[in-house]
Amino acid sequence: MRPVVNRLPVLCAALGLVLLAGASGAATAADAASAAEPNTQVPAGANWYAPRGMPDRIVASPLQDAASGFAVAWRTDASVQAPMLEVVVAGDSPDMGVPRELQAQTTPLRTENGLAHQHRVEVDGLQADTLYAWRVQGDRTWSAWHHTRTGGTAEQPLTLLYFGDTQNKNLSLGTRVLREGMRHAPDARLALFAGDLVSGGDGEDDNEWGEWFAANGALPTSMLVAPAPGNHEYFEEFEDTPQERRVLGTHWPHVFALPGNGAPGVAGTSYWFDIQDVRVVVLDGTSALDLGTARAQAKWLDEVLAGNPRRWSIALIHQPLFSPRQDRDNVELRRHVLPVLEKRRVDLVLQGHDHVYGRRGGLAPGRATPQYLVSVAGAKQYRLSPQARQDMAPVGEDTQLFQVVRIDGGQLRYESRTATGRLYDAFLLRQGHGGDRQLEEVTEGRIEPRDCARAATLKGRTDRCWE
Ligand SMILES: [Fe+2]
């Protein structure tokens, strides 16, 4: 049940502003717009995101080898047990032939919106660079046919999207960023997410997951989704006691069908996969920092990258190696994971968590890689530390962003764009001799760096820029 009391101050504040505004309609609208918004658009007592017989929350993710297939997760109500997924080579005729049928594994998931059944299928043994049509079963019904193209050869160009934390107000303010990302990269095969997809932790995270999927629209069924877990995908057990510890939330293991090939003891939340000429390695920063697995993940990362036959490599981790926010320093990541990223010269280290933007190179002077990037897609905005303003460029506050990465042979082009699609940051990496990279900054067309112009958030917090 959603706690009504939490929203009363907001409603009262908005009402007070309306009364003070008197007869001025324009002032009323402005004041209403300046009231802090709740985290979801779901009114108290509504169950808009209750599971039904119709399949929803459908999301495709890569197998370890994205050329050989993909995996799909979806949700229904509890009337559906072990439903089917149908897959066939996509054709121009509505008669696409007899599909292959695969039966799902079903897991119950109890939430504030009722009992759901989460389903998962691995679609393997597919041909590379082939467009497949697939659909998933519900109660006496089917989803739409969705299209997914398997990974192609190393020589083929690849476009991918990156989104920093979405986390808050996913439907209200996340939607526009996700849509702008798809508009700028309609050819993207893959979307990487930094983690903290939802805020959770207050017993209403199922509504937040509902909003996350609503905000994403067609994205999770038209490209592969690869998320990192953030700290908000965990909750605190035995909070404020000596036994306090992080426990993975109940949604994460069932909402996505991920490869499960991660570090020992972290297999459900760390993983890797290859797509065309890129190896992507996803780390669990929360487990590394709070559950003592930094060393084990670093060792695993080293092994995964040591055997990398691909030209490019990308690491995805929620907590930054170089934190651009005041008073944050992820010491265990710097001690164990950073040396591996440097040694293996990972090209891009994509991070979130700090709700600002910042980019910097690595520790080796004159070396182009790794490029360490922190970004935020969602509404919550923090402030940069003075250190970040010295060490990173460009940096940014008070800006929702998405990233487009285009890889074509020996060139990688990175673009960071704002919620309205304006270019905020861009560079090229070119493969030199051996493993070396050359970095070329792209400054043409970039807008000016953005700083927070607010003294405090709507709730009066001076350490943040927006709720
Ligand atoms: Fe976070």
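A residue is called buried if 20 or more other C-beta atoms lie within 10 Å of its own, exposed if 12 or fewer do, and partly exposed in between, with C-beta atoms placed from the backbone. By this count, Glu303 and Ala306 are exposed on the face of helix H8 turned away from its buried side. The model is predicted: local features need pLDDT of at least 70, side-chain atom pairs count only at pLDDT 80 or more, and totals for chains, interfaces and linings use all residues. Residues are numbered from 1 along each chain as its sequence is written. Helices (H or I, at least four residues) and strands (E, at least two) are DSSP runs, numbered from the N terminus.

**Helix H8**

- Helix H8 covers residues 294-306, and its 13 residues should span 18 Å at 1.5 Å a residue, which agrees with the 18 Å between its end C-alpha atoms. The expected span of a helix is 1.5 Å times one less than its number of residues.
- The buried residues in H8 are Ala294, Gln297, Ala298, Trp300, Leu301, Val304 and Leu305.
- Those buried residues fall within an arc of 165° seen down the axis of H8, so they line one face of the helix. The arc is that of the directions from the helix axis to the C-beta atoms.
- An α-helix has 3.6 residues a turn, so residues three or four places apart point the same way.
- The cover over the buried residues of H8 includes strands S14 (271-275), S15 (278-282) and S16 (312-316), as well as helices H7 (285-290) and H9 (331-343).

**Packing of H8 and H9**

- The axes of H8 and H9 are 8 Å apart and meet at an angle of about 10°. Axes are lines fitted to C-alpha atoms, for helices over the stretch in contact, and angles run from 0 to 180 degrees between N-to-C directions.
- That angle makes H8 roughly parallel to H9. Angles under 35 degrees count as roughly parallel, over 145 as roughly antiparallel, 65 to 115 as roughly perpendicular and the rest as oblique.
- On the H8 side, the contact is made by Ala294, Arg295, Gln297, Ala298, Leu301 and Asp302. On the H9 side, Glu332, Leu333, Arg335, His336, Val337 and Val340 take part. Two residues are in contact if their C-beta atoms, placed from the backbone, lie within 7 Å.

**The largest nonpolar core**

- The largest nonpolar core has 108 residues, of which Val72, Ala191, Val280 and Val337 touch the most other members. The largest share of this core, 6 residues, comes from H8.
- A nonpolar core is a set of buried Ala, Val, Leu, Ile, Met, Phe, Trp, Tyr and Cys residues joined through C-beta atoms within 7 Å.
- Apart from residues up to four places away in sequence, valine 337 touches Leu283, Ala288, Ala294, Gln297, Ala298, Leu301 and Leu321.

**Valine 281**

- Valine 281 is in strand S15 and counts as buried, with 26 C-beta neighbours inside 10 Å.
- Leaving aside neighbours within four places in sequence, valine 281 is in contact with Trp272, Leu301, Val304, Leu305 and Ala315.

- Helix H4 takes in residues 205-216, and its 12 residues should span 16 Å at 1.5 Å a residue, in agreement with end C-alpha atoms 16 Å apart.
- Of the 12 residues of H4, 11 are buried, so H4 is largely enclosed by the rest of the structure.
- The buried residues of H4 pack against strands S1 and S5 (105-111) and helices H3 (170-184), H5 (219-222) and H6 (252-255).
- Glycine 217 follows H4 and has a positive phi, near 55°.
- Leucine 178 lies in helix H3 and is buried, with 23 other C-beta atoms within 10 Å.
- Not counting residues up to four places away in sequence, leucine 178 touches Phe163, Ala215, Asn216 and Leu219.

**Backbone details**

- The peptide bond from threonine 369 to proline 370 is cis, with omega near 0°. Proline 370 is in the loop between strands S18 (357-361) and S19 (371-374).
- Alanine 393 and proline 394 are also joined by a cis peptide bond, with omega about -10°. Proline 394 is in the loop between helix H10 (386-391) and strand S21 (395-396).
- Arginine 57, in strand S1 (residues 56-62), has a positive phi near 50°. Arginine 57 is buried, with 24 other C-beta atoms within 10 Å.
- Arginine 140 has a positive phi near 60° and lies in the loop between strands S7 (131-136) and S8 (146-149). Arginine 140 is exposed, with 9 other C-beta atoms within 10 Å.
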